[in-house]
Amino acid sequence: MCGAIDRSAPWAEKLLRSDPLIPFTHWIAGCWLNLMAGHFEQALPAIRRAHEMDSGAAPFRTAYALTLTYLDRTDEALAILDGAPEELPGREVWAAVGRVLARALRGEKEEALKHLTDDLKSDARTDMLYSWLLADCYAVLEQLGDALDWLENAVRGGFLNYPFLAKQDPLLAPLRTEPDFTDLMEHLKERWTGLEA
């Protein structure tokens, strides 16, 4: 999420070699290496593998559906999200985001907004990853002010992957013509470049 993909690749490869029987290993390689590099086609097999190994895990299911959405394979993404259990396991953010994303992709705006509960927003506010996920959901819902607010929170929390946010995440496309988004990306680029140095 810091955009240091080249530096993290050897570690992800080592992890896959040393611990290939754990679904979390494949999720890390898929999401936090290839997905964050904007390589959605390359990310898909590893994320799919994690989901196949543990189809009940909300992080793997939602990440798989999100990757399919990035690849404009919405029907497949919805089929994955529709396979989720009816009841949310407590305050599991990945499960809640999956429910919001499914409704947003179907154009069920009011239903999606109902699922963006105070509990979900409270949990997401403290985490850069969850904040990014909500930014994506709000962008799909065309709630651009809210999407930008969550994106700012993600960046403030340490989500510094400038190339991904500025250019590669397809769900953020509606924000890219907004002046506030441009300002945020200029600030983010400085932080990201400093991190690279």
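User: Before we start, what should I keep in mind about the numbering and the model?
Analyst: Residues are numbered from 1 along each chain as its sequence is written, and side-chain values use heavy atoms, with hydrogens and water left out. Because this is a predicted model, local features need pLDDT of at least 70 and side-chain atom pairs count only at pLDDT 80 or more, while totals for chains, interfaces and linings use all residues.

User: OK, salt bridges then. How many are there?
Analyst: The count comes to 4 salt bridges, where a salt bridge is a side-chain nitrogen of Lys or Arg within 4 Å of a carboxyl oxygen of Asp or Glu.

User: Which helix holds R125, and what is its salt-bridge partner?
Analyst: R125 lies in helix α8, residues 118–125, helices being DSSP runs of H or I with at least four residues, numbered from the N terminus. Its partner is D149, with the closest N and O atoms 3.0 Å apart.

User: What else does R125 touch?
Analyst: Not counting residues up to four places away in sequence, R125 touches S131, D149, W150 and N153, a contact being heavy atoms within 4.5 Å.

User: Which residue does R106 pair with, and where do the two sit?
Analyst: R106 forms a salt bridge with D82, the closest N and O atoms being 2.5 Å apart. R106 is in the loop between α6 and α7 (109–115), whereas D82 is in helix α5, so the pair links parts of the chain that are 24 residues apart. R106 counts as partly exposed at 39% relative accessibility, and D82 is partly exposed at 45%.

User: What about R73?
Analyst: The side chains of R73 and E76 meet in a salt bridge at 2.8 Å, N to O. R73 is partly exposed at 26%, and E76 counts as partly exposed at 36%.

User: Switching to the largest pocket, what is its volume, and which residues are closest to its centre?
Analyst: The largest pocket has a volume of about 190 Å³, and of the 14 residues that line it, the closest to its centre are L81, D82, R99, A102 and R103. On a 1 Å grid over the protein atoms alone, a pocket is an open set of points where a 1.4 Å probe fits, with protein on both sides within 12 Å along at least five of seven lines, and lining residues have an atom within 4 Å of a point.

User: Which element gives the most to that lining?
Analyst: α6 gives the most, with 5 residues. The elements giving two or more residues are α4 (58–70), α5 (74–82) and α6 (93–105). The lining divides into 5 nonpolar, 2 polar and 7 charged residues, with Asp, Glu, Lys and Arg counted as charged.

User: Last one: why is α2 called largely enclosed?
Analyst: In α2, 10 of the 12 residues are buried, so the helix is largely enclosed by the rest of the structure. Among the buried residues are W27, C31 and W32.

Conventions: Points joined across faces, edges and corners; volume = space filled by probe spheres on them. Buried < 20%, exposed > 50% of the residue type's maximum accessible area, 1.4 Å probe, protein only.
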